[in-house]
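Work through the exercises below with the sequence and the structure in view. Try each task before reading its solution.

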Amino acid sequence: MDIAALSMALSQSSASQSAGILLTKKALDTAECNSAQLLKMIEAPHPNLGGTIDVKA
């Protein structure tokens, strides 16, 4: 294999790897945002909870 073809193959591989890393980072950021929203939703009190008391025996 000549030097030019080797250089192009290496460059293509590097670009593909960089794109994969960026895609993984984006997925990680999205997952982090979703989990933060889920935790906030879990911690929020239920709007109908505690409004009434059942006193029937």
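Predicted model: local features only at pLDDT ≥ 70, side-chain atom pairs only at ≥ 80, totals over all residues.

**Exercise 1. Overall shape**

Task: Find how many helices and strands the protein has, and decide whether it is compact or spread out.

Solution: 
- Step 1. The secondary structure consists of 1 helix and 0 strands.
- Step 2. The radius of gyration is 26 Å, whereas the globule rule gives 10 Å for 57 residues. The value is well over the rule, so the protein is more spread out than a compact globule.
- Step 3. Along the principal axes, the C-alpha atoms fill a box of roughly 90 × 15 × 10 Å.
- Step 4. Of the 57 residues, 0% are buried, where buried means under 20% relative accessible area.

**Exercise 2. A residue in the helix**

Task: Locate Ile42, classify Ile42 as buried or exposed, and name the surface patch to which Ile42 belongs.

Solution: 
- Step 1. Helix 1 covers residues 3-43, and Ile42 lies in it.
- Step 2. The relative accessibility of Ile42 is 59%. Exposed means over 50%, so Ile42 counts as exposed.
- Step 3. Together with Leu38, Leu39 and Met41, Ile42 makes a nonpolar surface patch of about 440 Å².

**Exercise 3. A residue after the helix**

Task: Locate Gly50, classify Gly50 as buried or exposed, and state how far apart Gly50 and Ser11 are in sequence and in space.

Solution: 
- Step 1. Gly50 is found in the segment after helix 1.
- Step 2. With a relative accessible area of 69%, Gly50 is exposed.
- Step 3. Gly50 and Ser11 are separated by 39 residues in sequence. From C-alpha to C-alpha, they are 63 Å apart in space.

Methods:
Residues numbered from 1 in each chain as written. Heavy atoms only, no water. Patch = residues over 30% accessible without salt bridge, like charges linked within 9 Å, V, L, I, M, F, W, Y side chains within 5 Å. Areas by Shrake-Rupley, 256 points an atom, 1.4 Å probe, with all protein chains shown as cover. Salt bridge = Lys/Arg side-chain N within 4 Å of Asp/Glu carboxyl O. Helix = DSSP H or I, 4+ residues; strand = E, 2+ residues; numbered from the N terminus. Buried < 20%, exposed > 50% of the residue type's maximum accessible area, 1.4 Å probe, protein only. Rg over C-alpha atoms; globule rule 2.2 N^0.38 Å.
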